Amino acid sequence: MRLKLALEVLGLLALAALIAVMPQLVSSFTAYEMATVGMYFIALLGLSILTGYSGQISLGHGAFMAIGGYTTAVLSVNGVYGHHIRDLWTIPIAGVVAGVAGLLVGIPALRLSGLYLALITFGIAVSFRQIPLKFDHFLGGTSGKVLSLLKTPFGLSATPNNWIYYLTWGIAFVLLVAAWLFVRGKPGRTLKAIRDSEIAAASSGISLARYKTLAFAMSAFYAGVAGSLYAIARGFMNPDVFPIVLSVYLVAALALGGVDSFLGLIVGASAIYVLVNRTADVTQWINHLPAVNLNPQRPGMPDVIFGAVLIVVLIILPTGVGGALRRLFGPLTSRLYSKS
Amino acid sequence: MPLLEVENVTKRFGGIVALDGVSFVAQPGEIVGLIGPNGAGKTTAFNVITRLYTPDEGDVRFEGKSLLGVRPSGVVTRGIARTFQNVELFRGMSVLDNVRVGAHARHGDQGADDLLYYVNLHSLRYRPASELPYGTQKRVELARALASSPRLLLLDEPAGGLSHEEVEQLGTFIKRMRDDYELTILLVEHHMGLVMSTADRVHVLDFGRKIAEGTPAEVQGDKQVIEAYLGATS
């Protein structure tokens with residue numbers, strides 16, 4: 001088991017090194033794209049704790065991202081008692097506000113499971129966009145709120161794109177390590193126990209209510225941080241920045257990456273990014289297949305492709321990318337464990 | 001003082017009376033058998049003791065204190081652990097992690113390794129619980145229950161699905177476990193051979209009512225018990 005720990009620490013260090021050097025290797029625009037991937041990754045980390053570990057499903061995490069985005073927009077544009085808060089410092093506040101919202105959703109969720117929980121949380125995602133429209137003088141309505149331009153602070157000599165890249169992936173790495181520390185010990189076992197058998201978990205002394213709401217609050221905190229970063233990077237916030245379908249994409253990407261595999265989630269996050277923002281390219285790739293001729297400009301094409309890719313991947317890799325990696329390396333690592 | 005006192009417990013589900021004024025006690029160190037035909041209310045009695053159900057009438061006391069104000073997750077910290085009729089393991093977790101979760105209830109996860117040696121599962125400790133054969137899964141469940149250092153252990157049909165030899169070993173093991181860990185054991189079982197060879201006292205339920213109690217020999221000769229199992233003889 002020591003060996004597994006060593007491998008995981010090594011993996012994290014390698015990731016840290018990769019994050020650090022990446023902007024030297026790619027263009028500034030690509031760094032900005034990667035930053036966006038990092039934001040989805042942060043949201044997926046939270047969703048993984050909720051779904052992969054505690055076994056609760058949420059089709060409403062786009063709403064928690066939006067709460068994070070609006071918190072940042074309100075604090076940095078409207079300000080508090082006339083004091084504008086630097087966008088950077090609004091990030092943890094956005095996480096906490098979304099986390100509290102998650103806690104509030106998590107309490108009624110205790111009485112629901114499976115399909116019903118999916119429906120209720122989806123209802124939250126659908127109805128949330130009415131809130132900025134209702135309180136338009138405060139939250140900007142459809143025309144939204146314009147945040148100040150992305151600037152490199154503290155006189156650092158990075159380009160804005162590299163700055164948002166380092167900011168996002170720095171936070172993503174910290175939150176990844178935090179999630180890893182959380183799940184590898186007692187709390188992670190506790191959540192998995194609840195996922196696998198609530199009745200046995202309760203009989204083993206686990207308070208279902210406490211841990212299930214904790215998982216909801218944590219995952220919403222992650223989503224709030226992700227949403228805050230997204231609003232900062234876009235410099236704009238209105239109800240369409242986090243569309244309803246994003247909540248569905250997040251769950252789909254979680255399945256794609258493997259529900260309890262943190263590193264697999266980077267693949268899931270990339271998939272959301274590519275399929276949302278680079279549909280034309282994906283259509284071109286698919287057109288290389290024989291007898292396929294899709295028009296990238298057709299409306300609805302991104303959704304059709306996203307759906308098709310998801311179906312194909314889940315047929316080939318039912319446990320997602322993470323599950324496939326584990327199966328690939330499983331025989332090797334389990335032999336190593338039994339020796340240690 | 002008895003360790004466990006079930007006093008006049010009634011539990012209804014809609015129009016069905018699953019337990020009807022049932023009383024019994026378990027003295028410290030005893031192995032108490034709870035037997036009866038299908039639907040007699042044995043598992044319901046377990047679920048009342050472990051607070052998964054709240055009785056409509058009556059009281060359950062452990063070490064003289066009522067359990068009715070305790071939450072289901074608080075029962076194990078009082079010193080009561082259980083296994084389940086249809087094995088409720090944490091299937092996605094390793095054998096070791098299953099046992100560690102059991103140990104969380106009282107004192108971190110120390111002692112999990114010793115317990116795995118005790119139930120002879122140490123070599124399988126990193127295997128996912130779901131991959132093991134049924135009989136082995138039952139041992140994992142037993143180790144998980146023991147890991148919480150209980151004083152009262154509730155075993156719900158531990159012999160179900162086991163082979164003839166396994167059942168014989170189980171009988172010996174239950175007694176050894178009682179002695180090694182100073183347990184009191186409440187045993188729900190269909191397998192008469194196992195109950196008769198291990199239990200000190202037996203309580204017989206039928207349609208939610210207690211119809212007999214005594215030593216295994218006494219109960220075996222009881223006319224009402226024979227009728228309950230074989231149907232009324234005319």
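Helices (H or I, at least four residues) and strands (E, at least two) are DSSP runs, numbered from the N terminus. Two residues are in contact if their C-beta atoms, placed from the backbone, lie within 7 Å.

The model is predicted: local features need pLDDT of at least 70, side-chain atom pairs count only at pLDDT 80 or more, and totals for chains, interfaces and linings use all residues. Residues are numbered from 1 along each chain as its sequence is written, while chains are lettered from A and ligands numbered from 1 in the order in which they are written.

**Confidence**

- The model scores ipTM 0.89 and pTM 0.88.

- Two strands pair if DSSP finds at least two bridges between them.
- Strand E7 (residues 152-156) and strand E8 (residues 184-188) of chain B pair in the parallel sense over 5 bridges; B:Leu153 stands opposite B:Ile185 in E8(B).
- E3(B) pairs in the parallel sense with E8(B) over 4 bridges, and B:Leu34 faces B:Val188 in E8(B) as its opposite residue.
- E3(B) also pairs in the parallel sense with E9(B) over 4 bridges, with B:Gly33 opposite B:Val202 in E9(B).

**Burial of strand E3**

- Strand E3 (residues 31-35) of chain B is largely enclosed by the rest of the structure, because 5 of its 5 residues are buried. A residue is buried if 20 or more other C-beta atoms lie within 10 Å of its own, exposed if 12 or fewer, and partly exposed in between; C-beta atoms are placed from the backbone.
- B:Ile31, B:Gly33 and B:Ile35 point one way from E3(B), B:Val32 and B:Leu34 point the other way, and all are buried.

**The four-stranded sheet of chain B**

- Another open sheet of chain B has 4 strands in the order E2-E1-E4-E5, with antiparallel pairing.
- Its edge strands, each pairing on one side only, are strand E2 (16-26) and strand E5 (65-66) of chain B.
- Strand E1 (residues 4-13) of chain B runs antiparallel to E4(B), and 5 bridges join them; B:Glu7 stands opposite B:Asp59 in E4(B).

**Loop residues with positive phi**

- B:Arg51 is not a glycine, yet has a positive phi of about 70°. B:Arg51 lies in the loop between helix H1 (42-49) and strand E4 (57-62) of chain B, and is buried, with 22 other C-beta atoms within 10 Å.
- B:Glu157, also not a glycine, has a positive phi of about 50°. B:Glu157 is placed in the loop between E7 and H6 of chain B, and is buried, with 20 other C-beta atoms within 10 Å.

**Domains of chain B**

- The domain assignment gives domain 1 (4-79 + 150-230) and domain 2 (89-148) of chain B; such bounds come from an automatic or database domain assignment.
- The centres of domain 1 and domain 2 of chain B, taken over C-alpha atoms, are separated by 24 Å.
- Their contact takes 9 residues from domain 1 of chain B and 8 residues from domain 2 of chain B.
- On the side of domain 1 of chain B that touches domain 2 of chain B, helix H2 (72-78) and helix H6 (164-181) of chain B each supply at least two residues.
- The residues of that side of domain 1 of chain B divide into 6 nonpolar, 2 polar and 1 charged. Ala, Val, Leu, Ile, Met, Phe, Trp, Tyr, Cys and Pro count as nonpolar, Asp, Glu, Lys and Arg as charged, and the others, Gly among them, as polar.

**Contact between the chains**

- In chain A, 19 residues are in contact with 23 residues of chain B.
- Helix H9 (186-196), helix H10 (198-203) and helix H16 (320-339) of chain A are the elements that give two or more residues to the side of chain A that touches chain B.
- H9(A) provides the largest share of that side of chain A, 7 residues.
- The side of chain A that touches chain B comprises 6 nonpolar, 8 polar and 5 charged residues.
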